[in-house]
Structures are given as structure tokens and as C-alpha cells.
Amino acid sequence: MTGAPPAAAAAGGAPARRRLRLGPVAATALRLVLTLLGLLTLLFFLVRLSGDPAAVLAGPSATPEQLEEIRTGLGLDEPLLAQYVAFLGDVVRLDFGTSVFSGEDALSSVLSVLPATLLLVLSTVLTSVVVGIPCGVVLARAGRLARGGMGAAMTLAQAVPSFVLGVGLIFVFAVQLGWLPAFGSGTPATLVMPTIALAAFAVARTARMVAAELEQGEGHDYLRTAYAKGASSRRVLWRHALPNAMPAVASALVVEVSYLLSGAVVVEVLFAYNGIGKRLVDAIFARDYPVVQAAVFVIGVFVIVVNLVGDALVRALDPRTARGLA
Amino acid sequence: MSRPRDLGLWLSLGTLAAITLACFLGPALLPDDAGQQALSERLRPPFWSPDALAGSPLGTDAFGRDMLSRTLEGGRVSLEVGFGAATGAVLIGTLLGVLAGFWGGWLDKLVMALADVWLAFPFLVIALATVAVVGSDLPVLIALLTLGGWVLPTRVTRTIAQRVRSEDYVVAAAGAGAGDGYLMRRHVLPQVLPVVLVVWSFTVGALVVIEGALSFLGLGVKPPTPSWGNIMSDGTLYLETAWWIAAWPATMIVLTVVCANGLGNGLRRRWAAPDVTRQGAKEAVR
């Protein structure tokens with residue numbers, strides 16, 4: 001297997017696609033940076049085209065003179081293209097302006113809540129690995145009954161949206177049993193329910209991925225060899241089959257992070273968990289566009305970093321991709 | 001193939017059809033004043049409780065509105081968005097996917113690059129940012145969610161179109177002078193259609209969830225108009241006293257998604273279509 005020509009190795013993994021002669025990491029980075037740029041552009045034009053930002057900022061009782069003053073202050077009287085160029089310049093200098101309401105620097109107000117979101121995402125990814133892999137093994141290897149039960153559980157976990165699960169958790173563990181705080185952030189107890197609400201889907205995805213990889217690998221020679229050498233089925237599973245399933249699982253997780261961030265927004269609002277998603281939604285309600293832009297930017301950068309680091313990790317985990325595709 | 005698999009398919013299809021019928025026709029069958037406020041009948045429990053209000057088997061909400069009528073009415077809105085956007089997404093996706101897969105070249109590169117980029121970013125954040133600025137009328141929501149779902153059908157149909165393009169009979173037909181349009185209609189579309197239906201079912205499930213999340217956050221369907229998401233968000237305020245307000249729409253969302261996924265899986269097995277959910281995930285990796 002390992003001695004197979006690159007074509008065969010590639011066929012085992014992802015379809016090999018011809019791409020520019022850039023390193024794979026550089027190509028990913030370039031693509032993602034362009035995404036971010038596109039997103040910020042979209043945001044810029046949406047805000048500018050949807051009405052008069054100055055009117056929003058000044059409030060309904062503003063006099064025409066005040067409006068004019070705000071317009072000149074923000075450069076809103078310049079042509080759109082000039083504003084856009086100025087905006088891009090600001091982004092490069094990481095200057096998103098100040099929050100309309102708190103007067104705080106928009107970027108630092110977003111960055112101050114980033115660690116909370118990082119913690120939530122990290123605990124979710126950990127949960128989905130720690131719980132998802134055993135579930136996947138059950139799904140692929142257990143007896144009929146256990147397999148059926150696990151399959152049903154995973155189907156349900158994939159179908160229950162995080163906000164529905166979250167409300168259910170609050171009802172049971174906060175309202176009825178009073179074991180956990182219904183909302184808040186900062187203490188370990190406040191992390192439990194958001195993590196569960198967010199992780200259910202990811203656990204199911206990981207489990208299905210693991211199960212599929214195990215089933216796919218079943219006929220491979222290296223497993224037969226391991227059995228032939230007298231390894232117990234448990235040892236074959238944990239030492240031979242699972243490690244070979246890991247790269248696929250890991251790369252699926254990297255992709256998952258962007259879904260996780262979507263879910264995190266909802267979950268953070270539901271549990272009043274003071275993270276970047278809640279900051280974003282609060283800012284949207286308050287029409288605090290500088291903070292909205294800063295939050296979208298930070299989330300974008302976060303996704304880029306996760307993708308780059310994740311890709312590198314997957315490469316490190318799977319020597320085949322490093323040799324076959326790079 | 002075997003019985004139990006098809007059972008799942010028919011069960012999902014039946015339940016989904018029942019939910020849809022109930023939501024679209026149900027409100028017409030209920031008394032006219034069912035959705036009206038009646039402050040004297042606030043927070044009445046469902047039928048199994050002695051306090052239940054006759055004529056409101058699922059209880060009433062904080063304004064005394066009948067939960068059965070609210071849930072069905074809300075379902076109509078949620079399903080309109082879900083079905084509408086999924087259909088739009090599948091139409092756009094099929095068009096793009098077939099063209100990209102069949103012609104290849106720069107169009108293919110462009111479409112696939114767009115798809116990669118689109119998937120890399122959390123869609124809900126894009127949706128929130130857009131809704132924040134443009135507002136969230138029903139057409140806007142449907143258009144937005146259409147954009148939320150176009151990648152999967154595009155990827156899946158592209159793969160099939162690519163494969164069909166290189167089949168001998170297609171190459172032969174092209175050699176005999178058949179035009180691209182004819183080949184796509186005659187040879188690619190029939191092969192793409194079953195898979196597109198599978199993708200459509202999964203997309204309905206996914207988009208009902210996204211609509212629910214947006215409305216739950218208060219940034220989707222706006223309150224006097226009910227939707228499963230915003231009824232739930234009202235209900236979270238009353239979890240201690242009137243949990244049923246959140247429970248009914250929650251049940252409906254989960255049921256709808258389970259059935260939509262079940263329908264997709266059932267159709268996939270019946271037609272032995274490739275596993276589109278995994279394909280999407282796997283291709284997204286590289």
C-alpha cells in the first residue's frame with residue numbers, strides 16, 4: 001500500500017486536482033485571504049448602499065447640521081470608491097473605528113471576548129473527538145442492537161439544531177434540576193451546556209466519519225496481516241484501523257470549524273455566553289457597524305488560521321498526503 | 001433494497017407530507033380567531049392538564065394565542081422558506097454544476113473555487129451581516145438561504161456531469177454531431193435528477209435549521225408573523241412556567257429535519273446514489 005505509485009495513493013484519499021504551482025499551504029492561504037477580502041467588500045457596500053449610516057448614527061432627532069458634521073467626520077461625503085479604498089486601508093492598519101455606543105475601539109472590544117469563543121470551540125472539538133470516536137467504533141463494530149441504537153442516536157443528534165438542544169438542556173438542567181446555570185460565562189459550569197449543545201452535531205459527524213472509514217478499511221491487507229500475526233481484534237482496531245481513519249476525521253473536523261462558528265453564534269446568544277458571536281449579534285441589533293465589521297473580520301481571520309493550522313496538522317498526521325500531494 | 005430501508009423512506013415521506021399539509025391547510029380549518037390574542041387566557045397548559053382550555057389542545061402562549069394555530073402558522077412560514085430556498089439552491093446548483101462539470105475549463109475552476117471559499121466561511125455570520133443591513137423580509141430570507149445551500153448540489157452534479165461527459169456513448173454522440181445543449185438535456189440531466197432530489201431533501205433539512213436559527217436570534221422572520229424559530233425564542237422566556245410554548249415548535253423542527261434527512265437517505269439507498277453528504281465533506285477538504 002505504502003509503496004503504491006502517487007496516483008493510487010491519491011485515489012485512496014481525495015481526488016487529485018491540478019492546481020497552480022503554489023505550495024498547498026500558500027494556495028489555501030491565498031484563497032482564504034481573498035475570501036476575507038470579498039466578505040469585507042460585501043459588508044462595506046451593503047452598509048453604504050442600504051441607507052444613510054450617518055442618519056443611523058445621529059438618531060432621529062438630529063439636525064441637518066449635525067448630520068453634515070457626522071458625514072464629513074466619517075468621510076461619507078466622499079465618492080464611494082474613495083471611501084472603499086480608505087476602508088481597505090483602515091482594515092490593513094487594523095483600524096475599524098470605535099464602537100458607536102461604548103466609544104471603545106471596535107477591534108479590541110471584539111478581541112476581548114475572543115478567548116471565550118476559542119474556549120467554547122476548543123471544548124466542542126475535544127468533546128466531538130473524545131465522544132465521537134468511541135461512538136463511531138460502536139457504529140461500525142458493535143452488535144446489531146447496539147449499532148441500531150447508536151445509529152438512531154446519531155441521526156437524532158444530527159437533526160436537533162443547537163438552539164433547540166440548548167433550550168432543552170436549559171429546561172432540564174437549569175430550570176427543572178437546577179444543576180447548572182442557565183446563562184453567563186467565565187466559570188467552568190457555564191461552559192458545560194453550550195458545549196453539549198454545540199457538540200452534538202459534531203459528535204455525530206465524527207462518529208459517522210469514523211464508522212465509514214473503519215468500514216472502508218475493513219478489507220485492507222494490513223489489517224489481515226495484523227490478524228494473521230495474532231493480534232487481538234481490539235489491538236487491530238486501536239493500533240491499526242483507527243490510526244488510519246484519523247487523517248480523514250481530522251480533516252473533516254477542520255472543515256467543521258466553520259459550521260461550529262455558525263452554531264457558536266446562536267449558542268452564545270442563547271446562553272448569554274460572552275463570546276464573539278454574542279458581541280456580533282448585539283452589535284447588529286444596535287446597528288453598531290464598526291463592531292459588526294470588526295467581528296466579521298476577526299471571525300474570518302480565525303477561520304483562516306484554523307484552516308491553515310488544521311491543514312498542516314492533517315499533513316503531519318498523514319505522511320501519505322505530504323508525499324503524494326505536496 | 002430491503003424492506004426496513006424502504007420503510008424509513010415511506011415513513012419520512014409520509015410524515016413530511018403530513019406536516020406540510022397540516023401547516024399549509026391546517027390554519028384554514030381552525031376557527032378564525034384561533035391566532036388572536038386573548039389576554040384572559042394567557043399561558044394555559046396543553047390538553048392533558050385539568051387547566052387546559054377547550055379548543056386549545058396545545059395550550060396558549062403569553063398573549064393567550066392558541067399554540068396549535070401558532071405552530072401550524074409558523075410552520076407554514078418556516079417551510080415556505082425551507083422549501084423555497086432549497087428548490088432555488090438546487091436549481092442554481094444543478095445549472096452551475098452541470099455546466100461546470102460538462103465544459104470544465106475556467107468556468108469549472110471558477111465555480112469550484114467559489115464553492116470552496118463559500119464553504120470556508122461560517123454561513124450564519126454572512127447571513128446575519130446581510131440581514132442586519134438589508135432586513136429580513138420573506139423574499140430576502142429565501143434568497144439568502146438559497147445562497148446558503150447552493151454548494152452541495154453544485155458539487156454533486158458537477159461530479160456526475162464530469163463522469164457522463166467522458167462516457168463512450170456521450171463521446172460518440174458528440175462525435176456524431178450532437179450539440180452540448182442536447183447532450184446535457186438528453187444524457188446528463190436524467191442521470192443528475194435522482195441525485196438532485198436526494199440533495200434537495202437534505203438541503204430542506206439544513207435550511208429549515210438555518211431559518212430557525214435566524215428567527216430564533218430575532219433576525220429572521222419578524223415577530224407578529226410566527227415562525228418556528230421565533231416562537232421558540234418567545235418560549236425560552238417562559239421555560240419555568242409554560243415550557244410547552246417552546247416545546248411544540250422545537251418538536252416540529254426536529255421532526256421536519258429527521259424526516260427530510262430520512263427522505264434523503266431513503267432515496268439515496270433506493271436509487272443507489274452516491275453518499276452526497278460525505279462527498280461534500282470530503283471534497284471540501286482539498
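A:Phe302 is placed in helix 14 of chain A. In this predicted model, A:Phe302 has 19 C-beta neighbours inside 10 Å and therefore counts as partly exposed. The cut-off for burial is 20 or more. A:Phe302 and A:Thr41 are separated by 261 residues in sequence, and their C-alpha atoms lie 18 Å apart.

A:Glu256 belongs to helix 12 of chain A. Leaving aside residues up to four places away in sequence, A:Glu256 touches A:Ala202 and A:Arg205. From A:Glu256 to A:Met154 the separation is 102 residues in sequence and 16 Å in space, C-alpha to C-alpha.

Chain A as a whole contains 15 helices and zero strands. Of its 326 residues, 39% are buried. Contacts in chain A were also sorted by sequence separation. Among those between residues at least 6 apart, 71% join residues at least 24 apart.

Helix 13 of chain A was examined next. Eight of its 10 residues are buried, so helix 13 is largely enclosed by the rest of the structure. The buried residues are A:Ile276, A:Gly277, A:Lys278, A:Arg279, A:Leu280, A:Val281, A:Ala283 and A:Ile284. Within chain A, they pack against helix 6 (106–111), helix 7 (114–141), helix 12 and helix 14. They also pack against helix 4 of chain B. After helix 13 of chain A comes A:Arg287, with a positive phi near 55°.

The pairing across the chains was then described. From helix 13 of chain A, the contact involves A:Leu280, A:Val281 and A:Ile284. These meet B:Val125, B:Leu128 and B:Ala132 in helix 4 of chain B. The residues of this contact comprise six nonpolar, no polar and no charged. An α-helix has 3.6 residues a turn, so residues three or four places apart point the same way.

The contact between the two chains takes 41 residues from chain A and 42 residues from chain B. On the side of chain A that touches chain B, two or more residues come from each of helix 2 (24–49), helix 8 (144–159), helix 9 (162–176), helix 12 (233–270), helix 13 and helix 14 (289–317). Helix 12 of chain A gives the most, with nine residues. By class, this side of chain A has 30 nonpolar residues, 10 polar and one charged.

A further helix pair lies within chain B. The axes of helix 2 (residues 67–103) and helix 6 (residues 151–165) of chain B come within 7 Å and cross at roughly 35°. This crossing is right-handed. Helix 2 of chain B contributes residues including B:Ala89, B:Val90, B:Gly93, B:Gly97, B:Gly101 and B:Phe102. Among those from helix 6 of chain B are B:Leu152, B:Pro153, B:Arg155, B:Arg158, B:Ile160 and B:Arg165. The residues of the contact of helix 2 with helix 6 of chain B fall into 11 nonpolar, eight polar and three charged.

Terms used. Residues numbered from 1 in each chain as written. Chains lettered and ligands numbered in written order. Predicted model: local features only at pLDDT ≥ 70, side-chain atom pairs only at ≥ 80, totals over all residues. Contact = placed C-beta atoms within 7 Å. Helix = DSSP H or I, 4+ residues; strand = E, 2+ residues; numbered from the N terminus. Nonpolar A, V, L, I, M, F, W, Y, C, P; charged D, E, K, R; others polar. Buried ≥ 20, exposed ≤ 12 C-beta atoms within 10 Å, placed from the backbone. Axes fitted to C-alpha atoms, helices over the stretch in contact; angles between N-to-C directions. Left-handed = near helix turned anticlockwise from the far one by under 90°.
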